[in-house]
Amino acid sequence: MSGNVLILGATSAIARGTAAAFAARGDNLFLASRDMDELQRIAADLRVRYGVKVFCALFDAAATDSHPGFFQNVVREMQELSGVVLAFGLLGDQQAARDFSVAEKIISSNFTGAVSILSLCANHFEPLKRGFIIGLSSVAGDRGRQSNYVYGAAKGGLSLFLQGLRNRLYPSGVRVITIKPGFVDTAMTFGLPGLFLVASPKTIGQQIVRTLNKSADVVYLPGFWRYIMLIIKHVPEFIFKRMKM
Amino acid sequence: MPTLTKPISGWGRYPLQTCELERPERYADLRPTTTTLIARGQGRSYGDASLNENGRVILTERLDRMLELDAKQGILKAEAGVTLADILPVIVKQGWFLPVTPGTKFVSLGGCVAADVHGKNHHHEGAFAEHVLSLVLILADGSHINCSATEHADIFWATVGGMGLTGIIAEVTIKLLPIMTAQMMVQHHAAKNLKQLFQMLQDPALDDQYSVAWIDCLASGNELGRGIAMFAHHAGTSDVHNSTPLTSKHKRSRSLPFNLPAWLLNPLSISLFNKIYYWKEARKKRPFLSDYDSYFYPLDALANWNRMYGKRGFVQYQCVLPEATALEGLTALLKELSASRRSSFLAVLKRFGAQGKGLLSFPMPGYTLALDLPIRNKGLFSLLDKLDNIVLQHGGRVYLAKDARVSDESFKNMYPRYEEWLKIKNKIDPAHRFSSSLSRRLNITGSVK
């Protein structure tokens, strides 16, 4: 079984791990991000390692006007698109995000941009009655914390959007999977204090692709994060608001 | 770019030094900092070559993309952070092999260039640099240059074997070796002593594409230097009864999850191991097939095998002695070692061919001996100084990629082309931005700024 998969935000470490896992099972890829030089390096690597076809194009999540044209081009190049992975995200600087102009950027890339491109994907797959949408949200979206609540709010919004999309597309047989990664060893977390049990982006990528063979709708990666977040979500607010997290 | 400050070490786990790590994920982020820096691939050099105490260490592990494989010509271009372990499965299935490979595949391509590594075929193929068609080097001022034997040749020959001190090796293009199968045809010969072992390695009738000898360091007297000479070549299609000769079984690597107590490797246990190993390997009188992993990378089967030497780590002592003095010099080294009652679990002898053009490259025509010596106490270091003197007396040198302790004076006597190298270094990096714990120990560069 070889398909054609679009990866949005393909230059992040998790996206690279995911692309490699798709390529390893023979899927052709369309990689998109804001950095063409990086895309071409990653594409070349996937071709050499796995012998699959890899296309790439520029994509800016925040530039929603460009999304329809971009998606048309993807469908034209890939002919039969089997699925989409939304892997872009902008953590931003939480201190700076107290300023609305910075917060707006975080929201427009993590949430507004995601809604824009995923709507196009959903409208494409729905009548075809096939396909999958994998959205990379975050554990930060499960509960607002002072250390990253703007990012968390945007990702939390994305989680809800994916949940609604899953409900809408269920009758059409389109899979919508929400991935919530915990600590992954990427540029986003490198050097941050207080990290524990950090997972490699390669392993996370393989696990993301493996969710397609399972029935789960919301997947925490690594899996134990489900229990960590279960606890965090159930701390009563009158205690939680006093905590430093 | 975010940094992480923590103590790190090379493969020998000595010395352990606090460095400021930076790990770029985008090629454009691979650039020199304003502080002193050294690039580090997989940290498989043994001593302090990839350390920069209190300074910046740039980890290249995420810049590991293979950019182009010309399967007709056998040419691979890749980012320097890629490991040989990643390259091998890709090229072997297309009928190619690494032209030169060290004894572990868990090294980066950039590291192979920086240490100008050698393999078991140095007497035929030379060192790694012989097969490097070109490389991209990022200089102290941030500019990228292509260099090769014909373009910026002076910088090229200062960079291969230059221990990362000329710049960041960013991309490497190498010429591969054609193979017909993924198997090796191996032939063992037992030698009763060092002299016989030498004769075997020199004998054109026994010689093959690859040769290496294992030495039982604990044998003494008439048996001093007894060992097994192992010859091999890439097997042809007629040797292998397999419809897909270029496939090889994927082996699961085991790992040593914790440090073994240092006393576990003692003269008694090593002597027992050596006797069993000698007896077992010497019995293999006929040629046999082996997959390339087992032949080239036997130690890779146990990830973290460096933990075998306990918490204090170990030193690998590797030296080369010129052809004319090698037998005498190696006899003196082995005698000194056995007199010290220290034993090496691993002792490997290889033959080197013609010297390459790398100004700080290790190989010279002659014989190279590698010993793994656990650090139990400071006494080891005075023994190693004695070994240095023997090496110097016989016109040899030690391998910087393995070294953690040679003195700057000995280094300068061992590497006569050092002055020439330093001129190029001063020309392209006058402020000595590229600096490592090794380069400061050898007084090649100044102190950390």
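A:Pro222 sits in the loop between strand 7 (218-221) and helix 7 (225-234) of chain A. The model is predicted.

Chain B has a cis bond too, between B:Tyr14 and B:Pro15, with omega about -5 degrees. B:Pro15 falls in the loop between strand 1 (3-8) and strand 2 (17-22) of chain B. Most peptide bonds are trans, and most residues other than glycine have a negative phi.

A:Lys129 has a positive phi near 60 degrees and is not a glycine. Its loop runs between helix 4 (100-128) and strand 5 (132-136) of chain A. A:Lys129 counts as exposed because it has 11 C-beta neighbours inside 10 Å, and the cut-off for exposed is 12 or fewer. B:His152 is not a glycine either, yet its phi is positive at about 45 degrees. This histidine lies in the loop between strand 9 (144-147) and helix 4 (153-159) of chain B. Its 19 C-beta neighbours inside 10 Å make B:His152 partly exposed.

The backbone values, side by side:

| Site | Angle | Value |
|---|---|---|
| B:Tyr14 to B:Pro15 | omega | about -5 degrees |
| A:Lys129 | phi | near 60 degrees |
| B:His152 | phi | about 45 degrees |

Now chain A as a whole. It has 8 helices and 7 strands. Its C-alpha atoms fill a box of roughly 55 × 40 × 35 Å along the principal axes. Among contacts between residues at least 6 apart in sequence, 67% join residues at least 24 apart.

The predictor gives the complex an ipTM of 0.93 and a pTM of 0.94. Chain B has a mean pLDDT of 92, and 98% of its residues reach 70 or more.

At the interface, 14 residues of chain A are in contact with 15 residues of chain B. Helix 2 (residues 36-50) of chain A supplies the largest share of chain A's side, 8 residues. By class, that side has 6 nonpolar, 2 polar and 6 charged residues.

Within chain B, helix 5 (residues 194-202) packs against helix 8 (residues 323-339) at an angle of about 140 degrees, with the axes 11 Å apart. The crossing is right-handed. B:Leu194, B:Lys195 and B:Phe198 in helix 5 meet B:Leu327, B:Leu330 and B:Thr331 in helix 8. These contact residues divide into 4 nonpolar, 1 polar and 1 charged.

Conventions:
Residues numbered from 1 in each chain as written. Chains lettered and ligands numbered in written order. Predicted model: local features only at pLDDT ≥ 70, side-chain atom pairs only at ≥ 80, totals over all residues. Helix = DSSP H or I, 4+ residues; strand = E, 2+ residues; numbered from the N terminus. Contact = placed C-beta atoms within 7 Å. pLDDT = per-residue confidence, 0-100. Nonpolar A, V, L, I, M, F, W, Y, C, P; charged D, E, K, R; others polar. Axes fitted to C-alpha atoms, helices over the stretch in contact; angles between N-to-C directions. Left-handed = near helix turned anticlockwise from the far one by under 90°. Buried ≥ 20, exposed ≤ 12 C-beta atoms within 10 Å, placed from the backbone.
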